[in-house]
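Please open the model in your viewer and follow the stops below in order, selecting each part as it is named.

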Number of protein chains: 2
Amino acid sequence: MARTRTTYDAFNAIAEPKRRALIETLAIQELSVNEIVKIMRWNQPMVSKHLGVLKQVGLVSERKDGRYRVYKVNAAELKPIHDWVAQFDQLWVNRLDHLEDYLDKIQRGEG
Amino acid sequence: MARTRTTYDAFNAIAEPKRRALIETLAIQELSVNEIVKIMRWNQPMVSKHLGVLKQVGLVSERKDGRYRVYKVNAAELKPIHDWVAQFDQLWVNRLDHLEDYLDKIQRGEG
DNA sequence: ACAATATATTCCAATATGGGAATATGTCAA
DNA sequence: TTGACATATTCCCATATTGGAATATATTGT
């Protein structure tokens, strides 16, 4: 068997750094493909391909506007990731608390 | 070029569903490899390989205990993912609010 | 030292990938 | 209709992957 497909779910789609950058950019505003090409400084097929992956998992959606295709983020598709990670966040928040306690202790000269 | 390596960062490491399952299991308690083998019902090399990837990105750490190697989750390595996703969570929380408004409206007979 | 146990590593095959280059498709404007 | 523009798709390569099977490497108890 091979690796899980990038189009399998949002987890796989956002593993690629370029696709995260794309999402960050599109979160600010909707953009056409060529606008993305200019902003990201990638070639046009690369932009289209990465958008294609994001579209397949529903992370972006596309609206036709004449010759243009305007893409926007569908952030709700990030919720499964949010929820999956959130179930563990206490595990590091607590550690951070302990670190703060420790630093306070040092501060008070009890270190 | 090929796909981003699974060992490149936590994003890539957790894209694989089996590795997420592994993290979920280890979050409950530390476990030796063979304990994981029994719980997950995967063969032993598969467990070791997936643990290897998670270890390389720091998502799990390993403690030697005689013949055993006890693995535990290092959830702090999930924080970059948490933070990346969190910057977008308003985008779906707001939508949810709007949905609730909409449902309220229907409830009041204004739909 | 030896047998048994625990774990890691290697070798293999099939497969999907990201990027580049070229090309195809679609759509407007004159 | 034609040319210009906007976008998508195809073909290619090099590479890393997952899983299975087999094997290697600890480490322990006797």
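How many residues of chain B are in contact with chain A? Select both chains: 32 residues of chain B are in contact with 32 residues of chain A, contact meaning heavy atoms within 4.5 Å. This is a predicted model, in which local features need pLDDT of at least 70 and side-chain atom pairs count only at pLDDT 80 or more, whereas totals for chains, interfaces and linings use all residues. Residues are numbered from 1 along each chain as its sequence is written, chains are lettered from A and ligands numbered from 1 in the order in which they are written, and side-chain values use heavy atoms, with hydrogens and water left out.

**The interface**

With both chains still selected, consider that the area buried between chain B and chain A is about 2,900 Å², of which carbon and sulfur atoms give 67%; buried area is the accessible area (1.4 Å probe) that two parts lose on being put together, summed over both. Next select B:R3, B:W84 and B:W92, which supply 24% of the area that chain B buries against chain A, more than any other three residues.

Now show B:R20 and A:D9, which form a salt bridge whose closest N and O atoms are 3.7 Å apart. The rule (a side-chain nitrogen of Lys or Arg within 4 Å of a carboxyl oxygen of Asp or Glu) finds 2 salt bridges across the interface of chain B and chain A. To see where the side of chain B that touches chain A comes from, colour α1 (10-13), α2 (17-28), α5 (79-86) and α6 (89-107) of chain B, each of which supplies at least two of its residues. Helices (H or I, at least four residues) and strands (E, at least two) are DSSP runs, numbered from the N terminus.

**The sheet of chain B**

Select β2(B) together with strand β3 (residues 68-73) of chain B, which run antiparallel and are joined by 6 bridges. At one place along this pair B:V60 has B:V73 as its bridge partner, and at another B:D65 is partnered by B:Y68. The two strands form a hairpin with 2 residues between them, and B:G66 in the turn has a positive phi of about 65 degrees. On β1(B), which 2 bridges join to β3(B) in the antiparallel sense, look for B:L31 opposite B:Y71.

Finally, select chain A, whose open sheet of 3 strands has the order β1-β3-β2 with antiparallel pairing. Here A:V60 stands opposite A:V73 in β3(A).

Methods. Pairing = 2+ DSSP bridges.
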